[in-house]
Amino acid sequence: MFLAITLARYGSKRLKNKNLIKILNSNLLNLTYSKSIKSRYFNSIYLSTESKKIAKEGKKIGYKVPFLRSRLLAKDDSKSEEVIIDFLKKIKKNFKYIVLLQPTSPLRKKEHIDSAINKFLQRKYDSLISISHTFKKHKHSVSLRKNLIIRKSSKIKGKYFFINGAVYISKIDKFFENESFFSKKTGFYLMPKKYSLDIDTKKDLKLLERMMRNDKKTS
């Protein structure tokens, strides 16, 4: 019923080949897979990449990699939505919902994924996107209205809410219709900011490693 997918291309503007960089004997692909595969909703997780190197590592970790992505969809300006639509057209399997799990959000937990999906199903949304809050305006800030996400950014009770990149869910027919995870009925799942680290720079990687070391000490 649920198609779970991770997108990972080889190139990266700010942090070269970040998906395979070693982080305490792991990497971003492994960190995403190891948490996501524990979800009660997934039997497997698909990986979309244009890179043979990433595909080989993905298969070793446990991802399903049925084919390589076209390099035309692996450019700096390629949109995730275009990649997903192309993948859905080629996979030719009967899924009702799609869940995007980006490798650049390595701190999300299985509980976040399942809680987000539970809310999506219970509220009968067309789509759902995970968010967090901050006290400063964020580049991915959004507004909330009647339990829905509105793309326009505004401050709400002293806070800004932003798309944290951890979990995206949509009915597949609505995704094709809108060519986006945004629809007229897009709900949200609020996650604590400490789980919302987005990996884009070396500084982000160092912070991730520090947080992982601290987590090991306290576990």
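The following dialogue examines how terms are applied to this predicted model.

Mentor: In this predicted model, local features need pLDDT of at least 70 and side-chain atom pairs count only at pLDDT 80 or more, whereas totals for chains, interfaces and linings use all residues. Residues are numbered from 1 along each chain as its sequence is written, and side-chain values use heavy atoms, with hydrogens and water left out.

Trainee: Why does threonine 201 count as buried?

Mentor: Buried means under 20% relative accessible area, exposed over 50%, and partly exposed in between, with a 1.4 Å probe and protein chains only. Threonine 201 has 17% relative accessibility and therefore counts as buried. Threonine 201 lies in the loop between E8 and helix H6 (202-218). Helices (H or I, at least four residues) and strands (E, at least two) are DSSP runs, numbered from the N terminus.

Trainee: With which residues is threonine 201 in contact, leaving aside its neighbours within four places in sequence?

Mentor: Contact means heavy atoms within 4.5 Å. On that criterion, threonine 201 is in contact with Arg14 and Leu15.

Trainee: What makes leucine 207 count as partly exposed?

Mentor: Its relative accessibility is 30%, so leucine 207 counts as partly exposed. Leucine 207 is placed in helix H6. Its C-alpha atom is separated by 8.7 Å from that of leucine 197, 10 residues apart along the chain.

Trainee: Why does lysine 146 count as exposed?

Mentor: The value for lysine 146 is 77% relative accessibility, and therefore the residue counts as exposed. Lysine 146 lies in the loop between E5 and strand E6 (148-150). Its phi is near 50°, a positive value in a residue other than glycine.

Trainee: How do you know that the span of helix H3 agrees with the value at 1.5 Å a residue?

Mentor: The expected span of a helix is 1.5 Å times one less than its number of residues. Helix H3 (residues 80-91) has 12 residues and should span 16 Å; its end C-alpha atoms are 16 Å apart, so the two values agree. Just after H3, lysine 92 takes a positive phi of about 55°.

Trainee: Which residues of H3 are buried, and what do they pack against?

Mentor: The buried residues are Val83, Ile84, Ile85, Phe87, Leu88 and Ile91. They pack against E1, strand E2 (45-48), E3 and helix H5 (172-178).

Trainee: How does helix H4 compare with its expected span?

Mentor: H4 (residues 110-123) has 14 residues and reaches 20 Å from its first C-alpha to its last, close to the 20 Å expected. Buried residues of H4 include His112, Ile113 and Phe120. Among the elements covering the buried residues of H4 are strand E1 (2-7), helix H1 (28-36) and strand E4 (127-134). Lysine 124, which follows H4, has a positive phi near 55°.

Trainee: How do H1 and helix H2 (residues 52-61) cross?

Mentor: Axes are lines fitted to C-alpha atoms, for helices over the stretch in contact, and angles run from 0 to 180 degrees between N-to-C directions. The axes of H1 and H2 come within 10 Å and cross at roughly 30°. Leu29, Asn30 and Tyr33 of H1 make the contact with Ile54, Glu57 and Ile61 of H2.

Trainee: What makes E3 a strand with both faces covered?

Mentor: Tyr97 and Val99 on one side and Ile98 and Leu100 on the other are all buried. In a regular strand the side chains alternate between the two faces of the sheet.

Trainee: In which sense do E1 and E3 pair, and in which sense do E3 and E7?

Mentor: Two strands pair if DSSP finds at least two bridges between them. E1 and E3 have 4 bridges in the parallel sense, with leucine 3 opposite isoleucine 98 in E3. E3 and E7 have 4 bridges in the antiparallel sense; valine 99 has isoleucine 169 as its bridge partner in E7.

Trainee: How many bridges join E4 to E7, and how many join strand E5 (residues 141-145) to E7?

Mentor: There are 7 for E4 and E7, which run antiparallel, and 2 for E5 and E7, which also run antiparallel. Serine 141 stands opposite phenylalanine 162 in E7. E7 is mostly covered, with 11 of its 12 residues buried.
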